[in-house]
Amino acid sequence: MAAATPKIELIYDADCPNVGRARERLSQAVAERGQGLGWTEWRSDDPALPDYARGHGSPTILIDERDVAADPSRAGSCRLYDQGDGTLDPAPPVAVILAALRERSA
């Protein structure tokens, strides 16, 4: 039986400067996954934003409604991600996104 296609969402604040880098890394992870996956982008102030996606820092990548970061930020502000080597960056590493995609589509 084929695995279900994961629901991928990018949540962001319009004025957050980190969105571009998160979008680039998400695009790279999706391309590396090679399943023709796409994602939905939501501005954090969109009235149609689902309840489960509210209150996250910007940018946040959700896969099947779960934050790809192990320690999700629930504050409405720009967030930084641990890169696994003691440094912080404004977007999750591609490897973290890929791991979440593998986990949720297994």
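Student: Is Asp64 buried, partly exposed or exposed?

Tutor: The classes rest on relative accessible area: buried means under 20%, exposed means over 50%, and partly exposed lies in between, with a 1.4 Å probe and protein chains only. Asp64 is partly exposed, because its relative accessible area is 31%. This is a predicted model, in which local features need pLDDT of at least 70 and side-chain atom pairs count only at pLDDT 80 or more, while totals for chains, interfaces and linings use all residues. Residues are numbered from 1 along each chain as its sequence is written, and side-chain values use heavy atoms, with hydrogens and water left out.

Student: Where is Asp64 placed, and what is its phi?

Tutor: Asp64 belongs to the loop between β3 and β4. Its phi is near 50°, a positive value in a residue other than glycine. Glu65 lies in the loop between β3 and β4 as well, and although it is not a glycine, it has a positive phi of about 70°. At 39% relative accessibility, Glu65 counts as partly exposed.

Student: How many helices and strands does the protein chain have?

Tutor: Both kinds of element are DSSP runs numbered from the N terminus: helices are H or I of at least four residues, and strands are E of at least two. The protein chain has 2 helices and 6 strands, and from the N terminus on the order is β-α-β-β-β-β-β-α.

Student: In what order do the strands of the open sheet stand?

Tutor: Strands of a sheet pair through backbone hydrogen bonds, either parallel or antiparallel. Two strands count as paired if DSSP finds at least two bridges between them. Here 4 strands form an open sheet with mixed pairing, in the order β2-β1-β3-β4. β2 (40–43) and β4 (66–67) stand at the edges with a single partner strand each, so one side of each has no neighbour in the sheet.

Student: In what sense, parallel or antiparallel, do β1 and β2 pair?

Tutor: β1 and β2 are parallel, over 4 bridges, and Ile11 stands opposite Trp42 in β2. β1 and β3 are antiparallel over 4 bridges, with Ile61 in β3 as the bridge partner of Leu10. β3 (residues 60–63) and β4 are also antiparallel, over 2 bridges; there Ile63 stands opposite Arg66 in β4.

Student: Which strands does helix α1 lie across?

Tutor: Angles between axes, which are lines fitted to C-alpha atoms (for helices over the stretch in contact), run from 0 to 180 degrees between N-to-C directions. Helix α1 (residues 19–33) lies across β1 (8–12), β2 and β3, at about 170° to β1. Helix α2 (residues 94–104) lies across β1, β3 and β4, at about 20° to β3.

Student: What kind of unit do β1, α1 and β2 make?

Tutor: A crossover is right-handed if, with the strands pointing away from the viewer, the path from the first strand over the helix to the second runs clockwise. β1, α1 and β2 make a right-handed β-α-β unit.

Student: Which residues touch the most other members of the largest nonpolar core?

Tutor: In soluble globular proteins, nonpolar side chains tend to be buried together. A nonpolar core is a set of buried Ala, Val, Leu, Ile, Met, Phe, Trp, Tyr and Cys residues joined through side-chain atoms within 4.5 Å. Of the 19 residues in the largest one, Ile8, Leu26, Ile61, Ile63 and Ile97 touch the most other members. β1, α1, β3 and α2 each supply at least two of its residues. Apart from this core lies another, of 5 residues, among them Ile11, Trp42, Ala53 and Leu62.

Student: Which residues is Ile8 in contact with?

Tutor: Contact means heavy atoms within 4.5 Å. Leaving aside neighbours within four places in sequence, the contacts of Ile8 include Leu26, Val30, Leu37, Trp39, Ile63 and Leu101.

Student: Which residues of β1 are buried on each side?

Tutor: Ile8, Leu10 and Tyr12 are buried on one side of β1, and Glu9 and Ile11 on the other.

Student: How many disulfides does the structure hold?

Tutor: A disulfide is a covalent bond between the sulfur atoms of two cysteines. The criterion is a pair of cysteine sulfur atoms within 2.5 Å, and the structure holds 0 disulfides. Cys16 is buried, with a relative accessible area of 7%, whereas Cys78 is partly exposed at 38%.
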